[in-house]
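Here is a friendly walk through the model you are about to see. Keep the viewer open as you read.

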Amino acid sequence: MRAVVVTEYGVLPVVQEVAEPEVAPGSVVLKVEATGLCRSDWHGWMGHDSDIVLPHVPGHELAGTVAAVGAGVDGWQVGDRVTTPFICACGTCEQCLAGNQQVCPNQLQPGFNYWGSFAEYVAIPFAQVNLVRLPDAMDFGTAAGLGCRFATSFRAVRQVGQVQPGETAVVLGCGGVGLSAVMIAAAAGARVIAVDTNPAALELARQYGAAETLTDASELRGVDITFDALGSNELVQQALRALRPRGRHVQIGLLPDGVQLDVGRLIGQELQWLGSHGMPAHAYPEMLELVAAGNLNPAALITRTISLDETPAALAALSHGTPAGVTVITP
Ligand SMILES: NC(=O)c1ccc[n+]([C@@H]2O[C@H](COP(=O)([O-])OP(=O)(O)OC[C@H]3O[C@@H](n4cnc5c(N)ncnc54)[C@H](O)[C@@H]3O)[C@@H](O)[C@H]2O)c1
Ligand SMILES: [Zn+2]
Ligand SMILES: [Zn+2]
């Protein structure tokens, strides 16, 4: 099969022929129909993820059709249309049994722990726990986003941040994660302030429900909840200064170099620092219902569809910025 192969961190990957994944017991192999280009793929390519072993195939935000079903996987057949949380949870540990698959210690992530979806085929472990059946009406490009960024933001806004109607929510960084968060928080009844340095991203944020847009949040004060949807020390500092006493900050963006927090302010103002990681498969039906009902429209986030051959350059270009909206790859 053809796949995007990283042989050295930070060096342009190449598209080449590699062996197709084999179907192990408990797993399925999917034909990748669509896969999103997420900044986490860029972090992996840059060498920020210690789980990656070179040579490596990135890609974790995906949708596809079942191409092969491993022993012991019941209820799934070749041809089924599916997506999967990028956090493929084991389903049997204490965290999984408590419903917290997003922090499963045995999790395997395609495109990080093993070869991912920037390829014609990808394996999905613990298939019974992680496969999510797609509604017939949903196209694969839209569904891919549910594998990572749209679902991650759904959990960050609704389950971790617990955004309430009438609250003011600030989303810092309006790429795939941030625009999803804008749409989901606005649909939850929040007054959303979207922050990005790219005017084109802010234009989309307005279309998806932002009441206000800013290129810089350093003057903001008194807001209820902030989301770092980029992963930036500078934006974290702006977010924490913007919060009212007892406000919540939700960290979604990765911070490979860490961050310095004003812990005195966290204590004195009783601010809450909340991490948010993906979303478990069992939480998908609520999100899919809101999509089916028209309350959420993840299809609108897609601005660009590219081929596997265009992917290495698109991945490398993330070093210099992000095109507005979500990029989907069709292998
Ligand atoms: N926690 C999780 O489970 C999870 C899941 C998915 C992605 N992520 C992480 O979330 C982050 C966002 O991912 P993405 O794919 O949406 O990224 P992206 O590259 O699509 O978006 C980043 C946005 O930030 C904007 N930006 C850059 N500098 C800025 C600044 N100084 N001020 C304001 N805006 C600025 C860019 O213009 C862009 O619109 C990444 O760190 C990614 O790794 C985390
Ligand atoms: Zn991602
Ligand atoms: Zn587990």
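Two strands count as paired if DSSP finds at least two bridges between them; helices (H or I, at least four residues) and strands (E, at least two) are DSSP runs, numbered from the N terminus. This is a predicted model, in which local features need pLDDT of at least 70, side-chain atom pairs count only at pLDDT 80 or more, and totals for chains, interfaces and linings use all residues. Residues are numbered from 1 along each chain as its sequence is written, while chains are lettered from A and ligands numbered from 1 in the order in which they are written.

| Partner of E4 | Sense | Bridges | Example pair |
|---|---|---|---|
| E5 (residues 81–83) | antiparallel | 3 bridges | Arg81 and Thr65 |

Now to the ligand. Around ligand 1 there are 34 residues (C-beta atom, placed from the backbone, within 6 Å), and the closest are Arg39, Gly173, Gly175, Val177 and Gly231. Helices H1 (39–46), H5 (149–160), H6 and H8 (233–242) each give two or more residues to this shell. Domain 1 (2–148 + 279–329) and domain 2 (154–275) each supply at least three residues to the shell; the domain bounds come from an automatic or database domain assignment.

Finally, consider contacts, meaning C-beta atoms, placed from the backbone, within 7 Å. Leaving aside neighbours within four places in sequence, Ala185 is in contact with Val157, Val163, Ala169, Val171, Ala190 and Val192.

Conventions:
Contact = placed C-beta atoms within 7 Å.
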